Amino acid sequence: MLTIKRVATVLSNYQDDGYEIQEVGCGRNCLGNCCLPGEWEERMRQGLFRYDVTNCVTKIIPGKYGFIAQLNEGRHLKKRPTEFRVDQVLQPFDDSKFNFTKVGQEEVLFRFEQSNNYKSHYFLATALAVTADGNNSPNVVAINRIDHSSFLLAINFAKEAANPFFRVGYNSLGAFATINHLHFQAYFLEVPFPIEKAPIQRLFTKKRVQDRGVIISKLLDYPVKGFVFEGGNSVQDLSDVVASACICLQNTNIPFNVLISDSGKRIFLLPQCYAEKQALGEVRQELLETQVNPAVWEIGGHIVLKRHEDYDNATEESAWRLLAEVSLSEERFKEVKAYVLEAAGLQEKPNMKENKGNDLNQEKDEANQKEDSLCKQPAAASQADQCIPYDCMVLH
Amino acid sequence: MDSKLGLIQQSVNTRYSQWVRDALDELPDNFTITDPSISGHPIVFASRGFLKMSGYSQEEVIGQNGKIFQGPKTNRRTVMEIREAIREERGIQVNLLNYRKDGTPFWMLFHLSPIFGKEDGRVTHFVAVQVPISRKQRRNGGVSLSEDGSGLNEIVFGSCRKEVCSDSLLELGRVLSLDSGSKVLDIEETCEAGDFEKRRAASAYNNILSVLTHYSELTGRLVCGKRCSVPAAGYISSSLNISLGRIKQSFVLIDPHLPDMPIVYASDAFLKLTGYDRHDVLGCNFGVLDGVDTDPSTLHEIKESIQTEQACTVRILSYRKDKSSFWNCLHLSPVRNASGKITSVQIAYYVGVQIEEDCKNQDRHGLSPEMRQLSAVGAVKVAVRSLSMGASLAGSSKS
């Protein structure tokens, strides 16, 4: 059972984005209802946010998808700059750089921890450090990477909010996470995200002996190529399958973002390559000038723009073009798809209906070969394991 | 206090009179009627056919939200589409997997349509028609219910076609599953309704609309299937109603753009606290709670805050409908739209959240009343902001 104890505090300054909060039925779910919005308002009154998101104009761009554009001038100035190399998904912990333990207790809103009793859930949001031994101050810090237990925590978080508009997101390093300390973000917005509206196509897989009931699909007709995970015989099953896929991407140095939506029932996994393209100078100048860093909310379809002109002239096409730059190519995506399915313990079944029946088999062979060489844990990662023991995690 | 069931009864009776139930019960179709202005957007009427199809009793269904019929294999994206249609106050027709009381899933064509008040243009109810989809319509690529003897099933089906009505379909489904021996839970992944189901849904809806329109004439509160008038200023859309209805604290929304700054929304908790009925307070100035001993300087403080677009917290003596008074810790805050001038987002409403001093607030979560007050403010802000992002919704009085 997960419970969260409240720690009276002050909200951290580098809150990436505002919380839009929606109440859910009071009673077992406090997240949307009592604690989060109240604590949020209190922090607003104390002037602790660097900017007030409710003063930022936001609109839904007319079009098929309804991309959401928000104008937040000067955000790039106020946001904490990324301190990490953008080309590596797993990076060793550097204590001199910012991490959530440096925020001191006041900046923590809540605690989120495993509990042994069966008290009703409390709720929580934003930055928080947890220890297994129940102390207030964590001893050690997890670097920003996903593992099975932290992901399960994040899904349960979304599930407890019991509100389809409450989403939990994750950015890996290299996909615009700014802090190398494991954290998730939460965002409530009572509007469907464009990515949630995208049609999907199920990836048919052969049933294995231990079929966990998870259905994996790929996004169709959406600027960014990605996966959708649904179903699962239990929340744990769904969580484990997604976490395994994330771990595989981490180990193969592919930056990615994760969006947990629909109260934990739908999870989007989006590998991306924008940072790499940027570093190689392959991004069009006009896009660079918007200074948009496509992290999880952007990829989901909620785009924060920094310049008036971009906001005023935002169209579905311009949003599409921006996000398309983030996406992996079709070829690369096919490779990654093979890794993801393999990591999830599934194997794609050749679909006779697809015209490229033969190609699929060939691709699978190639992918399998690549997999052998790439998908094994590189030495760096296991060193990181040894150097940084962790029993705490931050939910941002 | 108005129990929820009381509100539900009224929802139907006030608009259509109590006799509409008999008329609706004469229709053979499966359908439900929901009221978005009641907290939780509950079902206020369920047809006999619906109850039979779903296996639930009336008591189990009335007052519930439609999502109780969803289950693990229900397509989440479809659910999102339905939610969006409700939010945008428009109709939708989708193939949806629902679950009966005994847990068995079934596919149906789900046809949802809003009903509008003729004079005020508000959504009064949503009508949902459910037409179970016959097995013959299953798509390729799915796991079929009974792969052996499917020929036999088709023949059986074919001969029954002409007499098919929802009762028979249900019976047939049950019989087929018994025959095939395979587990009913092994349901198709996707399913598409054919012309038969679509025609069925359309004609059912027309019949229902016809009954509702006729009976609304009896009460003088006419309805129609399309919006025939533009909602007046101060209109709270049904979607905003649904969102605000989830907030459990006592609060009101005030529209500062209308003359005399009326209350345009009052929560259930507010009505419970003050003893007023909704129609007593909607449209009135928020001074409705003031009485003989209310301190005029506090009132002045409130007015000034509104003029300067500031939030304020005051302690004011307020009066209930029965003239009893209570000390009211009132927090007032501007609520902004998402759109508006770039330099300053327009204020859509003021929210006033009331907490009665000295009342026994059992708060399991150890929250102070002030914190809960603030949480209501936060939640209202989100609701208004999110809904004002859409181009078409009339979420506020802005012209």
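Modeller: Let's start with A:Asp262, which sits in the loop between β11 (256-261) and β12 of chain A. Strands here are DSSP runs of E with at least two residues, helices are runs of H or I with at least four, and both are numbered from the N terminus. This is a predicted model, where local features need pLDDT of at least 70 and side-chain atom pairs pLDDT 80 or more, while totals for chains, interfaces and linings use all residues. Residues count from 1 along each chain as its sequence is written, chains are lettered from A and ligands numbered from 1 in the order written, and side-chain values use heavy atoms, without hydrogens or water.

Colleague: Why is A:Asp262 called buried?

Modeller: Buried means under 20% relative accessible area, exposed means over 50%, and partly exposed lies in between, with a 1.4 Å probe and protein chains only. A:Asp262 has 5% relative accessibility, so it counts as buried.

Colleague: Is B:Lys323 buried or exposed, and how do you know?

Modeller: The relative accessible area of B:Lys323 is 67%, so this residue is exposed.

Colleague: And what about B:Ile247, buried or exposed?

Modeller: B:Ile247 comes to 4%, so it is buried. It belongs to the loop between α9 (238-244) and β7 (251-254) of chain B. Its C-alpha atom is 9.1 Å from that of B:Ser375, although the two residues are 128 apart along the chain.

Colleague: Which strands make up the 7-strand sheet in chain A?

Modeller: The order is β6-β5-β11-β12-β10-β9-β7 (chain A), an open sheet with antiparallel pairing. β6 (185-188) and β7 (200-202) of chain A each have a single partner strand, so they stand at the edges with one side lacking a neighbour in the sheet. Neighbouring strands are turned by 25° against each other on average, ignoring direction. Angles like this run from 0 to 180 degrees between N-to-C directions, using axes fitted to C-alpha atoms (for helices, over the stretch in contact).

Colleague: How do you know that β9 and β10 of chain A are paired?

Modeller: Two strands pair if DSSP finds at least two bridges between them. There are 5 bridges between β9 (residues 214-219) and β10 (residues 227-231) of chain A, which run antiparallel. Within that pair, A:Ile215 faces A:Glu230 in β10(A). Helix α11 (residues 330-343) of chain A packs on this sheet, touching β9, β10 and β12 (266-271) of chain A, with its direction about 30° from that of β10(A). Contact means heavy atoms within 4.5 Å.

Colleague: Why is α1(B) called roughly perpendicular to α8(B)?

Modeller: Helix α1 (residues 4-16) and helix α8 (residues 195-219) of chain B pack at about 75°, with their axes 6 Å apart. That angle makes α1(B) roughly perpendicular to α8(B), because angles of 65 to 115 degrees get this name, while those under 35 are roughly parallel, those over 145 roughly antiparallel and the rest oblique. Residues making the contact include B:Asn13 and B:Tyr16 of α1(B), and B:Leu212 and B:Tyr215 of α8(B).

Colleague: Which members of the largest nonpolar core touch the most other members?

Modeller: They are B:Leu24 and B:Leu212, in a core of 59 residues. Such a core is a set of buried Ala, Val, Leu, Ile, Met, Phe, Trp, Tyr and Cys residues joined through side-chain atoms within 4.5 Å. Beyond four places in sequence, the contacts of B:Leu24 include B:Phe31, B:Ile33 and B:Leu212.

Colleague: Which way do B:Phe31 and B:Ile33 point?

Modeller: Both point one way from strand β1 (residues 31-34) of chain B, while B:Thr32 and B:Thr34 point the other way, and all are buried. β1(B) is joined by 4 bridges to β5 (residues 123-132) of chain B, running antiparallel, and B:Ile33 has B:Val127 as its bridge partner there. Another 3 bridges join β1(B) to β2 (residues 43-46) of chain B, also antiparallel.
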